[in-house]
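Have a look at it first, and then read on.

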Amino acid sequence: MRVAAIFPPGPRDRYWQPFQQANAAEWTIGLPTCAKEADAILVFGGDGTIHRHLAQFVKLQIPLLIVPCGGGNDMARALGLRGRHDALAAWRSFCEGGNNIRGIDLGVIAPGPPVDGASAPHYFGTVGCVGLDAEVARRTNLLPRWLRRCGGYVISLLGALPRWVPMKMNLETGGCEPGAAERRSKPAILTAFANAPLYGGGMKIAPRARLDDGKLDICIVGKASKLKVLCLFPTVFFGRHLGIAEVEYFQAERLRLETGEPADVYADGEFVCRTPVEVSVARQVLRVIAPPHPVQG
């Protein structure tokens, strides 16, 4: 077996050795250039590391195992990989011939109106956002790595909230059929569009989202006082914010989002572009090595 390994900066051995010991494979470091160069890819990292390589993963169609060891590991959590021990169990099952490969969806972001052939799609695995959450993501990325892993999102929220004001958001959502569009226009604190339930290191912003249902789960937090936002924030960790009056939650196959002024769009915690954007779902485009007995929730 030929295995390609992708690592974040820093020491490798403490992550890598158990996986090497589980299989006497031919290992190479870095992303393969073609599908013939590897039988599996192991990504040792978090959501940002995965995000940067998604387009190539889709192109290669080589089974991918995520080994969670980043600042945010929400993609891994959505797959039932809660830690490196789960990833090692999935790897051993795969190496023993286990049938634990599954196809999952990815979100797709295109700036402005879609133009055929203008550029490759920009994929994301977990959640994209516009508004307060995008600003929190920007601030979090400026923090030291160790602080990002230890409450960085909360620290960034407390820094961003005092000056934040709702922005006008125009949304058009629906299915792929003509005439299926629904339009909304409202001031909002944030709009999140999700392919997976979690973001921000375990926050259940979209608790009903699934990686293989072909849908975007859209969560809009409307105009609210800063005190109300602070009170709402802890409920997101448990997915209990859906019952709050200022929160609107629904599913759609596609989304067009405009703001009064161009605003940053983040996905998987990384900057993507500025509004307006078109968002959709690419069905079953990523092959992942999943736990042999996935944990729900």
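Buried means under 20% relative accessible area, exposed means over 50%, and partly exposed lies in between (1.4 Å probe, protein chains only). What you see is a predicted model, where local features need pLDDT of at least 70, side-chain atom pairs count only at pLDDT 80 or more, and totals for chains, interfaces and linings use all residues. Residues are numbered from 1 along each chain as its sequence is written, and side-chain values use heavy atoms, leaving out hydrogens and water.

Side chains of opposite charge can pair when their charged atoms come close. How many salt bridges does the whole structure hold? A search finds 17, each being a side-chain nitrogen of Lys or Arg within 4 Å of a carboxyl oxygen of Asp or Glu.

Start with Glu-135 and Arg-138, whose side chains meet in a salt bridge (2.8 Å, N to O). They are 3 residues apart in helix H5 (residues 132–141), so about one helical turn separates them; helices are DSSP runs of H or I with at least four residues, strands are E runs of at least two, and both are numbered from the N terminus. Glu-135 is buried at 15%, while Arg-138 is partly exposed at 31%.

Now turn to Glu-248 and Lys-186, which form a salt bridge of 3.2 Å, N to O. Glu-248 sits in strand E11 (residues 247–252) and Lys-186 in strand E9 (residues 182–194), so this pair ties together parts 62 residues apart in sequence. Glu-248 is partly exposed, with a relative accessible area of 24%, and Lys-186 is partly exposed too, with 23%.
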